[in-house]
Amino acid sequence: MYHYDDLDRDVVHNRVFQFKDQMTRFLNGELSEEAFLPLRLQNGLYVQKHAPMLRVAVPYGMLSSKQVRRLAGICHKYDRDYCHITTRQNVQFNWVEFKDVPEILADLASVEMHAIQTSGNCIRNTTSDPIAGVAVDELIDPRPYCEIIRQWSSLHPEFAFLPRKFKIAVIGAEEDRASIRLHDIGIKAVRSAAGEYGFEIWGGGGLGRTPMLASLIREFLPQKYLLGYLKSILRVYNQYGRRDNKYKARIKILVGALGTQEFSRQVEKEFERNCETDPQLTEEEFKYASSFFTAPSYQILPERHEQAGPHPEAYQNWLDRNVKRHKVSGYRIVTLSLKHEGQAPGDITTEQLHHIADLADRYSFGEVRTTQQQNIVLADVQANDLYSLWLDSEAQGLVTPTVSTLADTVCCPGGDFCGLANARSLPVNEAIQQRFSDLNKLYALGDLSLRISGCINACAHHHIANIGILGIDKKGEEFYQITLGGKTGYESAIGKVLGPSLPLDKVAPAVEKIIQLYVEQRSDETETFSSTYERLGKAAFKEQVYATDY
Amino acid sequence: MQQIIKNGQVVNDDWYLISDNETDFIPLECKKYILPLAVWMEFYPHFTLFHEKPGLLLSSEIDLNQVRSAITEAPLIVIFFASFMDGTGFSTGSLLRETFNFKGELRATGEILPDQMDYLSRCGFDALSFADLNALRQAEKMIQAREGDKAKNYQGDVQMPRTPFQQRFSKV
């Protein structure tokens with residue numbers, strides 16, 4: 001993974017120092033609340049319902065065991081012994097004290113971490129494929145590009161006060177595990193027919209109030225122009241994006257208003273102007289960036305060399321659901337689930353963090369990934385270590401064998417914690433999970449995504465779930481809107497609202513009815529929820545949910 | 001006389017800013033003026049009444065292509081930031097330097113924060129005019145605290161942009 005040099009350290013330390021001064025001035029009354037707002041947000045600090053929330057950047061989801069231990073230390077010293085993995089692969093501390101934040105940032109800086117641009121109207125943490133570098137279907141490792149973008153976008157002088165937040169994702173595999181079409185800019189690393197490295201550039205995607213899939217704006221961009229092209233897009237957006245209405249300020253609205261063609265034309269015009277005069281990325285730089293992401297020292301192993309059984313059924317379930325093929329023979333990709341019953345999805349305790357750091361050191365070259373699915377991945381585990389790893393982790397509640405099932409819910413903290421939320425999301429999830437606690441019943445459904453957002457900011461990305469739930473406020477009461485038919489991966493689609501919103505106690509029964517119809521109507525056990533939904537149409541599901549009781 | 005920050009130092013400012021509604025003003029001898037675009041255009045191109053060619057005040061969202069000739073003529077351009085949250089001016093400044101090759105003084109005014117000083121200067125603004133004295137004093141304090149030590153960054157600035165790793169290689 002990437003390691004800081006003097007420049008990185010200087011940049012982060014300067015920002016810590018600067019923020020400390022901003023915080024002091026704010027607390028002394030020398031800096032107004034209004035002026036402090038964008039400054040603290042650009043450093044990941046929100047004011048929440050119960051306490052300030054600090055969001056820490058995990059660039060494209062990569063963490064070292066040392067960093068995980070430091071996060072554990074922060075959880076213990078400054079928070080309530082747990083933190084939260086976000087859908088942008090970041091980490092959130094929900095209970096920190098304002099005055100402690102500069103000290104926490106200094107702690108983070110000592111392990112090459114920061115909270116820069118994890119919030120605010122600026123370029124946010126670049127996300128990527130959580131199994132980059134080890135995925136079987138990968139063409140190009142996206143992480144060197146992510147790192148270059150991370151550096152380029154960090155404290156960029158021109159793009160720190162954009163109309164609205166700006167998100168970039170990069171992939172290099174066939175399957176899109178980073179949902180690039182839901183990003184302001186989505187980048188897919190590709191090779192041209194002539195073998196040249198470059199990118200497909202997608203623009204104008206986003207969720208929130210007006211969900212839109214990004215459009216292809218450049219079919220092939222040679223890699224040396226990456227930063228010049230990003231600058232051109234951002235510059236067009238910074239000049240022409242709307243600032244009069246926060247709900248119409250994302251780049252998707254500009255792209256929608258201009259049309260993809262006109263937007264691309266403006267970007268290309270700006271790009272033509274700068275592409276030869278701006279510094280371009282050199283081969284040497286790409287090689288240097290790539291040198292941080294070389295393969296670890298894998299052993300030569302047969303593909304199958306698991307520890308001999310018999311093993312308990314629970315272990316077998318876990319192998320089936322939470323362990324994936326690796327591109328290197330004899331290695332596996334393990335997902336440690338953060339969807340343990342009774343725990344909020346994505347929450348992780350101090351003890352679990354320590355345990356994960358130990359697992360990473362013992363089994364996976366000391367590295368860990370966070371995922372958009374709010375789980376943890378150990379990317380390089382030997383097949384013959386799987387059983388020991390499972391045994392070691394069972395007591396920690398990290399082996400819930402439900403990855404990619406309905407129980408692998410993506411859920412924001414919701415009204416229980418978040419100041420923006422209109423409704424709680426955690427109790428909705430609990431109520432649904434109670435109805436699907438039987439594993440056989442759950443497995444019979446196959447892969448099925450459920451995402452729950454507590455407000456229209458859509459942090460849980462409910463629009464791209466097979467079943468999405470959105471909390472809304474109706475005259476002070478919590479209601480929930482269901483969307484069906486969203487998907488991501490090989491294909492992306494935005495779900496459609498099923499019908500009128502429902503009160504909390506009616507949501508889980510509605511989900512159960514939806515599932516019931518799917519199970520009854522699917523052509524066979526391999527037909528996915530999306531396929532069945534597309535085949536039957538929305539009306540059939542609407543009828544199923546609303547015809548009788550509601 | 002009001003003070004501004006110019007090239008990282010507090011200096012007296014001898015330019016007088018004329019507001020949009022002072023359309024009937026008559027320039028005094030020996031004074032230097034900054035005029036809003038509409039007023040500037042009234043006197044363009046001879047500026048015979050002026051002791052020195054006036055500076056040009058533009059709003060941050062101005063379409064620079066529409067004012068090409070003014071840009072080439074003006075000795076000083078002032079970009080007005082309507083709000084510190086509105087970052088359009090950062091692109092406007094960068095474009096003036098980078099694309100329009102503007103070599104004169106580029107000044108930011110309006111709702112700007114001392115905390116935006118570094119970004120503004122990296123976008124080509126060599127002068128900053130703060131709305132109140134407290135902000136100016138704070139900016140001065142921040143400059144002193146830095147003691148000429150320029151904050152390190154990945155991108156360079158509009159005068160000398162670079163890709164993130166470039167400076168590391170040049171060190172080797």
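Domain 1 of chain A and domain 3 of chain A bury about 1900 Å² between them in this predicted model, 55% of it on carbon and sulfur atoms; buried area is the accessible area (1.4 Å probe) that two parts lose on being put together, summed over both. The two belong to a domain assignment of chain A that gives domain 1 (6-109), domain 2 (142-286), domain 3 (313-394) and domain 4 (410-546), with bounds taken from an automatic or database assignment. The C-alpha centres of domain 1 of chain A and domain 3 of chain A are 27 Å apart. To the contact (heavy atoms within 4.5 Å), domain 1 of chain A contributes 20 residues and domain 3 of chain A 22 residues.

Two salt bridges are counted between domain 1 of chain A and domain 3 of chain A, a salt bridge being a side-chain nitrogen of Lys or Arg within 4 Å of a carboxyl oxygen of Asp or Glu. Arg69(A) forms a salt bridge with Asp358(A), with the closest N and O atoms 2.9 Å apart. On the side of domain 1 of chain A that touches domain 3 of chain A, at least two residues each come from β3 (62-64), α3 (65-78) and β4 (82-85) of chain A; helices (H or I, at least four residues) and strands (E, at least two) are DSSP runs, numbered from the N terminus. The largest share of this side, seven residues, is supplied by α3(A).

Between the chains, 51 residues of chain A are in contact with 34 residues of chain B. The area buried between chain A and chain B is about 3700 Å², 59% of it on carbon and sulfur atoms. Of the area that chain A buries against chain B, 18% is supplied by Leu7(A), Pro157(A) and Phe161(A), more than by any other three residues.

Seven salt bridges are found across the interface of chain A and chain B. Arg243(A) pairs with Asp86(B) in a salt bridge whose closest N and O atoms are 3.0 Å apart. Elements that give two or more residues to the side of chain A that touches chain B include α1 (6-27), α2 (33-41) and α5 (143-153) of chain A. With nine residues, α1(A) gives the most to this side.

Residues are numbered from 1 along each chain as its sequence is written, and chains are lettered from A and ligands numbered from 1 in the order in which they are written. In this predicted model local features need pLDDT of at least 70, side-chain atom pairs count only at pLDDT 80 or more, and totals for chains, interfaces and linings use all residues, while side-chain values use heavy atoms, with hydrogens and water left out.
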